[in-house]
Amino acid sequence: MSTIVNERISEIIDGKRVITRKPELLAPAGNLEKLKIAVHYGADAVFIGGQEFGLRSNAGNFSIAQMQEGVEFANKYDAKIYVTTNIFAHNDNMHGLEDYLQNIEGAGVTGIIVADPLIIETCKEVAPNLEIHLSTQQSLSNWKAVQYWKEQGLERVVLARETGAEEIQLMKEKVDIEIESFVHGAMCIAYSGRCVLSNHMTARDSNRGGCCQSCRWDYDLYAVESGEEKPLFEKQQEAFAMSPKDLKLIESIPQIIELGIDSLKVEGRMKSIHYIATVVTVYRKVIDAYCADPDNFIIQREWLEELDKCANRETASSYFEGEPGYEQQMFGNHSKQTTFDFCGIVLDYNDETSMITLQQRNYFKPGDEVEFFGPEIGNFNVIVGEIFDGKGTSLDAARHPLQIVHFKCEQKVNSHDMMRKEMR
Amino acid sequence: MKKPQLLVTPHSLEHIAALLDAGADAFLVGEEQFGLRLAGEFPLEAVKEATQLIHAQGKKIFIAMNAIFHNDRVDALAPYIEELDKIAVDAIVFGDPAIVIARREAQSEIPLHWDAETISTNWFQVNYWGKRGASRALLARELSMEEVVEIKENAQVEIEVLVHGMTCMFQSKRSLLGNYFLFQDQAMEVENRKAAKNMFLHDKERENKYPIFEDLNGTHIFSPNDICIIDELEELFEAQIDSFKVDTVLHTEAYALAVVSYYRQAIDAYAESQEEYEDIKAELLEKIEEIQPALRPLDTGFYFKETVY
């Protein structure tokens, strides 16, 4: 499918086509620090989890006060906050919902991402200022179902991960509703909401946040033939696996924008600030560059290389271009692979002494070649010189996570910039 | 006492005739294009014949339209519903809201039964879909007895639960078996096993065996055990649950017949008196254990099991 030109999202300005209806870049945040990083690095909106009614019970989740602080921070950047309340509730989970939704509304949050009609209807009634976005947990896969949710008054729908470009195009043509679609991150291999492997295998409820990712395990495939159970593959062969490669649609962003998709979603509330900063930086650059001059846009090799610096699994396009084959799954040893270590985050920079104050996140030492990156500085490499602790004592290495260290760097950096190091 | 309806998924027209004799009150049929994980394939012609057969005995026929639809299949929904209207089936089972829209387009008033499987988890939802055309809801199998009873107490629609058979615990759109054979460089196997329903995944750590097959709707993986609560039906009777479902997918016709006849006995006995049911329930369980395939252990699902999250 070639890239179409969507006149509804663009205008001709000074003889040049410009995308004037830019899509939202939506990033995940598991805690306040991650939220601030996502916003600072250029996310237009951030989705977070509260302490109730959300999936990812392991993600560090926000109290109402923290939501409020997040909203205040985001407001300074004109960014929006959405709260995931996307469990399928059991009867017992129904208590406290009204208060919770009113508290979210009171915190200034823009909207909730929700799957259970219980929460949708309760929200309409008790917290009418919140936008309601349908979660991917509903596995929304066709335009008539999109029409249904439009009629129910929802502002936006997140599509099933199984929908592709052509399907989304038809949904956009048929129904006037905002569409949010995943562009990057880990994937469910099942239709979301329709997988209870965790329940049956480990008595943990996947649709209430207990998913233990049984789909990432190995199994042996057998057949029953004339009453006999026969393994279909030898022990030394790779076992049956369902594990999908992570989604990465960076090179399809032009097409995604022309489809008129309203919000491009990055998965990963459990991911690190380094991951969030890197992914947001690169998608921000691609979206901005394409929208400014779509007809002359060329994706830069360094953007793609930059994105790979936080990769932790192999990646694929999933359903965007059609039915994914076995090449989009991982068989055998598929342990995570990282190529860069996140070494620290800049807290301060002294213009007079050129000294950086940095909070350490991973081991580094004098003589290491490191890379700084941030929204204002782009990327540059330096060799680390002498490192000092807070008392001015020289260190042979920065060894301790969260330790505050100082060293000189002639090129200016800013608070929130990050430092990483290639692993060799 | 109003007896709960005994609903079964038949394999064929002949099977329906036999199941009627065995005491089934209602049948769920359909075709792969619209319905999920059916025991048999019933194109419209067969639905018509089945309806005549079933209605002649005063029993009910429901049509499975509970697939997760993509754009390529939604245009076929309203015409299919129009055909079902002509045949005068008793209900359409659905899980995708596209059916609410398609039914309206078809100007049909066939009652809907809401069955979205894993996500049908609380009483608010069943009433929500009740306001949108559903006269019945089938509950998620991952609920406890207590939760089922509480839903029934608060429901404005009929409630159906699975009392016997396996349940699907995973549906992927991807061809996970085909992909695995291709990865192993066995393209021939993809062809050979396309329709095969004799495969399972072995989970060594839990010593579980999960049936798996692939069809038009993707890859389906089933629970390691068959639910069987023939000796634990008291609370469901007391709560006046409206329908007991026996799912016979991946079982033989003969097995389905026997199981239906045992649940028939259980229901009829309880209708006489609780004591009568108490007297025969252990024996009924034994009879099922006798015919139960070795590959499929019995358990009581989540009726008496806690889940955490």
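Predicted model: local features only at pLDDT ≥ 70, side-chain atom pairs only at ≥ 80, totals over all residues.
Student: How do you know whether chain B agrees with the rule for a compact globule?

Tutor: The rule is 2.2 Å times the number of residues to the power 0.38, with the radius of gyration taken over C-alpha atoms. For 309 residues a compact globule would have a radius near 19 Å, and chain B has 19 Å, so the value agrees with the rule. Along the principal axes, the C-alpha atoms of chain B fill a box of roughly 60 × 50 × 45 Å.

Student: What share of the residues in chain B is called buried, and what makes a residue count as such?

Tutor: A residue is buried if 20 or more other C-beta atoms lie within 10 Å of its own, exposed if 12 or fewer do, and partly exposed in between, with C-beta atoms placed from the backbone; by that test 55% of the 309 residues in chain B are buried.

Student: Why are S16(A) and S17(A) called a pair, and in which sense do they run?

Tutor: Strands (E, at least two residues) and helices (H or I, at least four) are DSSP runs numbered from the N terminus, and two strands pair if DSSP finds at least two bridges between them. Strand S16 (residues 340-350) of chain A and strand S17 (residues 355-360) of chain A are joined by six bridges in the antiparallel sense, and therefore meet that condition. Asp348(A) stands opposite Thr357(A) in S17(A). The two strands form a hairpin with four residues between them, and Ser354(A) in the turn has a positive phi of about 60°. S16(A) is also antiparallel to strand S23 (residues 418-422) of chain A, with five bridges, and there Phe342(A) has Arg420(A) as its bridge partner.

Student: What makes strand pairing reach from chain A to chain B, and how many bridges are involved?

Tutor: Strand S10 (residues 218-225) of chain A and S9(B) are antiparallel and joined by four bridges, with Asp220(A) having His202(B) as its bridge partner. The contact between the chains takes 53 residues from chain B and 56 from chain A. Among the elements giving two or more residues to the chain B side are helix H7 (145-154) and strand S9 (199-203) of chain B. That side divides into 27 nonpolar, 14 polar and 12 charged residues, where Ala, Val, Leu, Ile, Met, Phe, Trp, Tyr, Cys and Pro count as nonpolar, Asp, Glu, Lys and Arg as charged, and the others, Gly among them, as polar.

Note on methods
Residues numbered from 1 in each chain as written. Chains lettered and ligands numbered in written order. Contact = placed C-beta atoms within 7 Å.
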